[in-house]
Amino acid sequence: MIEAAGHQAIHMFGEKVLANGSHLVVLSVGALGDSGFYEQLQTAAKQHNRQIFIPSAAIAGLDRIAAGSLGEIENITLITRKHPRSWKGTIAEEKVDLHTLTEPFCIYEGNARESSKLFPQSVNVSAALSLAGIGFEDTKVKVYADPTIQSNKHTIKAKGYFGEVEISVSNVPYEENPKSSPIVAMSVAKVLKNLTSPFVIGV
C-alpha cells in the first residue's frame, strides 16, 4: 500500500494496512515525528511480519546517512530552498510577503520534528533524514523562500565517524503543485521495483 494522502491519513489507516497483511510505503513521513505513533507502526509491522518503506523522495543520500548512523554521527543539517510560490498556504505567508520577495528569506530554522509539522507538504524530507540518521531533535533544518531559483533545492550536510558528506539536489517542481516534484513518484516506483528485482542497487 502506498500512502500519499497526508499526515491524517497515515494516522487513520497505517496500522490497519499493516494488520491486513500489506507492506506500507510512506510519503507523509513527517507524521512519524509523533514518536508514539512511530512506535505503534513499528510494533504493528513486527507483529504482522510486514515492512514500512520510506522512499528517498525529493532528496538523495539516505543510504549513506543510514550506513553512517551505524557509527557515530556528530551533526546533520538540511537546507531547503524553494521559490516563494511553493510556500503559499504555509506559515511562510505570516513571516514575509511572498509576492514582493526579491532575495532569499529564511522562513524557518530549527529541528526536523518542528519543521515536518509546520510544512507537512514541503519538508517531509527532514523527517526521512531524521529517521535515517540521528533523530528528529538533533537534525537541524533551515528553510528558505528564494525568488532567485525556479527549482526545489535540498542540501544535506553531515559529519561523523564515516567522514563528511554534502549532497545537493535540484528538483523540477510540478507546475500544478510546486511543493513537490516528479522525482517523488519516481522514488516510489524504485521501491516497488526493488521488491521484485533480483538485483538491487543503493539500498
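Strand 4 (residues 73-82) and strand 7 run antiparallel to each other and are joined over 8 bridges. Helices (H or I, at least four residues) and strands (E, at least two) are DSSP runs, numbered from the N terminus, and two strands pair if DSSP finds at least two bridges between them. Within this pairing, Ile76 sits opposite Ala158 of strand 7.

A word on the source: this is a predicted model, in which local features need pLDDT of at least 70, side-chain atom pairs count only at pLDDT 80 or more, and totals for chains, interfaces and linings use all residues. Residues are numbered from 1 along each chain as its sequence is written, and side-chain values use heavy atoms, with hydrogens and water left out.

Let's look at the sheet around that pair. It is an open sheet of 5 strands in the order 5-6-4-7-8, with mixed pairing. Strand 5 (105-111) and strand 8 (163-171) are at the edges with a single partner strand each, so one side of each has no neighbour in the sheet. From one strand to the next the twist averages 10 degrees; axes are lines fitted to C-alpha atoms, for helices over the stretch in contact, and angles run from 0 to 180 degrees between N-to-C directions. Helix 6 lies across strand 4, strand 6 (139-145) and strand 7, at about 165 degrees to strand 4, where contact means heavy atoms within 4.5 Å.

There is also an open sheet of 3 strands, ordered 1-2-3 with parallel pairing. Its edge strands, strand 1 (2-3) and strand 3, each pair on one side only. Strand 2 (residues 24-26) joins strand 3 over 2 bridges, and Val25 stands opposite Phe53 in strand 3.

Phe53 leads us on to the pockets: along with Ile52, Ile54, Pro55 and Leu62, Phe53 is among the residues closest to the centre of the largest pocket. A pocket is an open set of points on a 1 Å grid over the protein atoms alone, where a 1.4 Å probe fits, with protein on both sides within 12 Å along at least five of seven lines; lining residues have an atom within 4 Å of a point. Grid points are joined across faces, edges and corners, and a volume is the space filled by probe spheres set on the points.

| Pocket | Volume | Lining residues |
|---|---|---|
| Largest | about 910 Å³ | 30 residues |

Helix 6, strand 7 (152-160) and helix 7 each give at least two residues to the lining of the second largest pocket.
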